[in-house]
Amino acid sequence: MEATEATWQQTACILCSQNCGIEVQTDAGRITRVRGDRAHPASEGYACEKAQRIDHYQNGRDRLTSPLRRRSDGSFEEIDWDTAISEIAAKLAHVRDAYGGASIFYYGGGGQGNHLGGAYARATRAALGSVFTSNALAQEKTGEFWVDGQLFGRSRCHTTGDYEHAEVAVFVGKNPWQSHGFPRARAVLRALSSDPGRALIVIDPRRTETAELADFHLQVRPGTDAFCLSALLGVLVQEDLIDHAFVDGRTSASQPVLDLLRAVDVADYCARAGVDEQLVRTVARRIAGAKSVSIYEDLGIQQAPHSTLNSYLEKLVYLVTGNFAKPGTMNIHTRMAGLGGDGAGGRTSPVGGHRIITGLIPANVIPDEILTDHPKRFRAMIVESTNPVHSIADSQRMREAFAALEVVVVIDVAMTETARCADYVLPASSQYEKWEATFFNLEFPSNAFHLRAPIFSAAPGTLSEPEIHRRLTRALGGLRDEDLTDLHAAAARIPSEGRGPYLEAFFRLQSEKPQLAAMTPLVLYETLGPSLPEGAAAAALLWGAAHICAMSYPDSVRRAGFTGESTEMGEQLFEAILTRRSGVLFSVDEYEESWRRLATPDNRIRLEVPELMDELRALQAEDPRRANAEFPFVLSAGERRSGTANTIFRDPAWRKKDASGALRMSPSDAQRLGVADGGRVRVTTKRGCVEALVELTDSLLPGHASLPNGLGLSYPDRDGSAHVHGVAPNELTASEDRDWLAGTPWHKHVRARIEAVGA
Ligand SMILES: Nc1nc2c(c(=O)[nH]1)N[C@H]1C(S)=C(S)[C@@H](COP(=O)(O)OP(=O)(O)OC[C@H]3O[C@@H](n4cnc5c(=O)[nH]c(N)nc54)[C@H](O)[C@@H]3O)O[C@H]1N2
Ligand SMILES: Nc1nc2c(c(=O)[nH]1)N[C@H]1C(S)=C(S)[C@@H](COP(=O)(O)OP(=O)(O)OC[C@H]3O[C@@H](n4cnc5c(=O)[nH]c(N)nc54)[C@H](O)[C@@H]3O)O[C@H]1N2
Ligand code: SF4
Ligand SMILES: [Mo]
């Protein structure tokens, strides 16, 4: 049948943080056609090839269709929702009453496409007194957030680059051709690469697809970025390529930093990092000579040795060259709502005293906070929309930790590795069966937000997360009907009088019952929710978010086309969010806004970070060239490839090529080991041993090997028997291999031994 315009429905791809707007056609519960949505304000019609496969998520064979309870023999039995909710509430309440709510740990709250659930989970946590939380950001971004806090005054001062307009774009440990990370990535990379007036710079030990397009590729030895970036900064300072007006006028405490960089032995550090000194000098001069530079740091340095220091050095590169708060440079963006956990600083984890950053406990220390007889250990866990048994370092230890907990509740759409370790598994409706949105709204100068309407009705047996949390909170007695009487009355007036009286009643409740603050999402869901059109009750919390956004960034929201005084603009913004199916441009910034968002007392960027200065000095004594006889390889465990999408697709059939996720290595290493392309090897680390298929490629340096991200999932074949496809990377990683400051893992830097199988 020829597709007519009317049959396309607007939604988004949920496979990476870009959440490109897509339009889909459906047939009998299947997503049959997918195209980029040109009306989406950020992606503008762009979508990569992975979006075409989205039905593998929607119709996975291991979708959950009933709440499950573990039997004593480890198998699961189906139970009804009422039984599940009342038993879970009773068991968690028991843990709370016996050991305190702080012993109930919450992990997750959203993946690449879904953050509404995590917002509603606050109510359940508040009802339980659960105060500790974490999610995958604590295995990647917390070091960077901490550095942001030091430099800009608050860890929520998150910067974003403008790669589309930058004269020079630098990618450090980031392969955006495959992993994206900014809108329309491949189009932007091609434009950068083909324009002789612009430059693309890549720092990566692998000759990635992005590096293939680059003008300059610094092919560092794995794990040596601290040396490479120090050398780059050394050149900038020693050749006097820094922006003095910016450094003197806009930053503070710069002298100690510049003094330290002046002392860097550039030639020596380049040698340690395995990069050509002349190339480093050329790159430094190109950066310094550019009108605008944007830099993206990602997992290649955030999940490798010295990761927090690396984040600091990366930021110093753009700061000493004045690439901040100007077109094409780094800027502090608006947000519709925060990601991560609770903001309060200075907290530490209850057992090990590990630093909590943006409310998140380092993922790597979670087993240590469970596997102990410490009285404050975690005793129960709620896991939502994440697969930590697979994604946190040391899967074996994660399984032991889960087994040691008294109660584990997993909320997911599929039977995951983590769900298998649960006492109760609650089946969520998929992201195409409910109202959903993400808070990955990280762009500058234009920022967009997209509320997606369901395109299917909920699969039988499933509930949306807002409804799951409503039921849990109610069963726990966290919210009472009498708290909501006034709001219900005000909501009843909405059809005739609009939301004005409701807003007043809401403010009244907030001042009269501040103890209900953590219940706000649920309060809105229960009272405002039913008044929203098309069953969009889950969007109720966005009413609050829209008002806060309009109050926080009035000028930016006005520039995006919203008008009105006082609360009128927030109402307009919410209305647009509710009705525009392709997403809403919610803020347009001027470059001065980045300065206004700074949170330092003197409104200058504070360049000196004492804790990292010591680490920087100590580099002197470290030589990364030292050989490791027992584990001669560095394994990057978790490369993003065309055929990977975290663990969102569990069905291996979505992957057309590289079905089992080959281990990539250089031909010279393979020859030495006596293994051919397509042969098998055994990979051994101090934590585990796996077998993998080999793909030879000269894009890797000798001594470096790479396994993809998101493989090693157990999936039922057509007759129902489960098979594991590929290598689960965290069978090889270890909890203690992490950054000393932020606790972020060294997934890209796993010491390994590799041998041919059967040789
Ligand atoms: N296709 C696809 N896209 C994705 C995802 C996916 O699973 N699949 N996941 C999404 C998620 S959650 C994230 S966080 C992002 C991550 O996106 P990226 O950070 O781009 O992903 P990776 O491939 O894990 O790592 C990036 C690069 O780091 C390099 N690297 C390894 N060791 C080092 C080192 O010592 N130094 C340097 N400089 N580089 C090193 C690797 O060679 C690799 O090219 O991708 C997102 N996008
Ligand atoms: N070794 C190694 N480990 C890594 C990495 C690496 O590079 N190497 N990368 C790390 C990084 S950057 C990240 S972001 C993490 C990602 O790892 P996780 O945080 O575990 O996230 P995902 O793999 O994205 O899993 C998302 C989960 O959400 C479920 N889900 C999908 N839709 C819904 C929904 O609507 N509701 C609910 N309740 N559930 C849903 C999916 O079934 C899946 O189980 O892995 C980290 N782990
Ligand atoms: S995988 Fe990412 S870049 Fe590709 S279509 Fe989906 S959201 Fe867009
Ligand atoms: Mo990630």
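Modeller: In strand β24, Cys689 is the bridge partner of Thr684. The model is a predicted one, in which local features need pLDDT of at least 70 and side-chain atom pairs count only at pLDDT 80 or more, while totals for chains, interfaces and linings use all residues. Residues are numbered from 1 along each chain as its sequence is written, chains are lettered from A and ligands numbered from 1 in the order written, and side-chain values use heavy atoms, without hydrogens and water.

β23 and β24 form a hairpin, with four residues between them. Strand β23 covers residues 680-684 and pairs with β24 in the antiparallel sense over five bridges (strands are DSSP E runs of at least two residues; a pair needs at least two DSSP bridges). β24, residues 689-696, also pairs with β22, residues 663-665, here in the parallel sense over three bridges. Arg664 stands opposite Glu695 of β24.

Polar side-chain atoms of Lys434 include one lying 2.7 Å from an oxygen atom of ligand 2. For Lys748, a side-chain N or O atom is 3.1 Å from an oxygen atom of this ligand, whereas Gly638 places a backbone N or O atom 3.3 Å from a ligand oxygen. The protein covers 96% of the 920 Å² of accessible area that ligand 2 has on its own (Shrake-Rupley method, 1.4 Å probe).

How values were computed: Polar contact = N/O pair within 3.5 Å; in protein donor to acceptor, adjacent residues only side chain to side chain.
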